[in-house]
Amino acid sequence: MRPCDPGPSRRRTLLSAALLATAVVTPAGAARAATGSGGRPRLTVPGAERQLISRHDDLTTSALTGTPYTDATDWAGLAASGTRNPSGVPGVQIDGCFPDSSRLNTLHGWNHDAQFVIRLPEHWNGALVVTGAPGVRRQYAMDTLVSDWVLAQGYAFAATDKGNSGPDFYTDTDLPGDALVEWNRRTTQLTRAAREVVAQHYGRAPRRTYMTGISNSGYLTRWQLENHPELYDGGVDWEGPLWRPDGPNLLTFLPTAVARQLGRADDEDMYAAGFARGSEFLWPYHEKVYWGLTQKTYRAAFDPGYDPACPGASAGTTLGEILAPCPSDAAYDYAARPRPVHDAVARISLTGRIGKPLITLHGTLDALLPITVQSDVYAQMIAEQGRSALHRYYRIEGGTHVDSLYDTYPDRLRPILPCYRAAFGALTAWVERGQEPPVSGTVPRPTSGDLVNTGSLT
């Protein structure tokens with residue numbers, strides 16, 4: 001896979017500046033070298049090209065923000081303000097990367113993709129949680145949503161940047177679809193390596209390994225449980241996108257959103273494409289931030305020949321240009337595209353044939369991945385594979401794609417994170433104690449109480 005030119009760094013800087021508007025920087029946490037006899041690292045990540053090992057008094061973002069051991073731009077804008085996270089978890093952190101030739105991830109000054117982070121709490125509960133970056137973010141993106149919380153419960157934690165990141169992720173390719181094929185491969189690679197590191201550090205292998213994630217890392221969760229169930233005991237999928245070679249997928253409904261943005265489609269067209277009635281108040285934000293960029297970059301990943309004059313994020317130099325849609329995408333007809341395009345999507349598609357317990361959450365007002373043409377369909381696919389006994393699906397009333405939008409619309413939305421934490425607890429009780437989770441269904445939006453920090457699956 002070819003290295004990228006300096007352009008992506010400029011595009012990432014612009015996007016990071018926008019995200020930092022919502023980030024908070026706190027004092028640096030204490031870090032000490034963690035080495036064995038003779039000053040040599042006493043842990044080795046199998047297959048890693050580089051690894052940096054450090055010991056911390058606190059592995060959570062309350063201490064690591066502002067240090068090289070997390071990056072606020074990775075997780076900015078994902079959680080609702082007022083979200084309470086635990087802190088005070090001592091342990092060891094390993095930052096590193098696997099061999100790769102692409103250069104989209106600039107963290108640590110490495111300019112090297114396939115970066116990862118592994119955190120090993122001092123007080124370990126015997127289990128491991130693996131995740132990947134949502135969207136096209138990097139390896140620290142799940143630090144506030146997942147890492148802080150699971151570390152406080154004693155889980156070891158591992159996360160990957162998926163092997164390519166940023167708005168130019170699609171350039172990390174030799175063949176159409178390669179960029180996303182690598183996402184799955186890197187997740188499998190990290191899971192295997194992290195399990196061995198856990199065994200080195202604690203003297204025994206993890207008794208349980210859980211896969212989890214939001215958005216694109218929700219997709220990773222689905223794919224891993226379908227294709228490598230031997231590595232995991234279960235997973236929680238938070239609004240993972242659905243990829244199917246004949247649809248639905250992002251390329252079957254986002255062109256309608258782009259067409260509306262350009263004045264070529266109306267509200268009825270949006271409803272027909274799958275966007276929820278009642279989500280209209282969220283559309284202006286998604287026009288500015290999500291729809292155009294998402295459509296053109298994923299179209300470039302699978303169908304690079306469609307509009308060579310507008311290849312994706314590389315068509316822009318300013319933030320506005322990067323986020324803007326390609327006018328040609330308003331007329332993009334995935335069903336009519338040549339067979340090789342569908343074959344490229346098939347390389348990373350889902351089947352519903354999960355091999356371990358999976359809990360899925362999805363907001364009813366998701367205006368990026370509409371629930372009726374995404375998780376509703378995936379739940380049906382699992383049923384058609386005869387795997388419903390391994391699946392629970394909770395439609396979160398008033399939830400949308402990112403919890404931070406609750407800050408703008410507290411009277412209409414609800415954060416999904418509290419329900420996610422309840423789902424993770426339900427998964428572990430299901431796997432480890434045989435306690436059946438609540439039946440699948442729609443979780444009503446509470447009319448009172450602390451919606452940011454309390455939630456359930458009923």
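Which handedness, left-handed or right-handed, does the crossing of α7 and α10 have? The views below take this up, along with other details. This is a predicted model: local features need pLDDT of at least 70, side-chain atom pairs count only at pLDDT 80 or more, and totals for chains, interfaces and linings use all residues. Residues are numbered from 1 along each chain as its sequence is written, and side-chain values use heavy atoms, with hydrogens and water left out.

**View 1. Helix α10, residues 291-302.** Helices here are DSSP runs (H or I, at least four residues), and strands are too (E, at least two), numbered from the N terminus. The expected span of a helix is 1.5 Å times one less than its number of residues. Twelve of the twelve residues are buried, so α10 is largely enclosed by the rest of the structure. Buried means under 20% relative accessible area, exposed over 50%, and partly exposed in between (1.4 Å probe, protein chains only).

**View 2. The crossing of α7 and α10.** Helix α7 covers residues 250-261. The two axes come within 9 Å and cross at roughly 140°. Axes are lines fitted to C-alpha atoms, for helices over the stretch in contact, and angles run from 0 to 180 degrees between N-to-C directions. α7 and α10 are therefore oblique to each other. Angles under 35 degrees count as roughly parallel, over 145 as roughly antiparallel, 65 to 115 as roughly perpendicular, and the rest as oblique. The crossing is left-handed: the near helix is turned anticlockwise from the far one by less than a right angle.

**View 3. Tyr 420 and its contacts.** Tyr 420 sits in helix α14, residues 417-433. At 0% relative accessibility, Tyr 420 counts as buried. Contact means heavy atoms within 4.5 Å. Leaving aside neighbours within four places in sequence, the contacts of Tyr 420 include Leu 145, Trp 238 and Leu 361. Tyr 420 and Leu 361 are 59 residues apart in sequence, but 7.2 Å apart in space, C-alpha to C-alpha.

View 4. Most residues other than glycine have a negative phi, and most peptide bonds are trans. The bond from Gly 247 to Pro 248 is cis, with omega near 0°. Asn 111 has a positive phi, near 50°, and is partly exposed at 37%. Ser 215 also has a positive phi, near 55°, but is buried at 9%.
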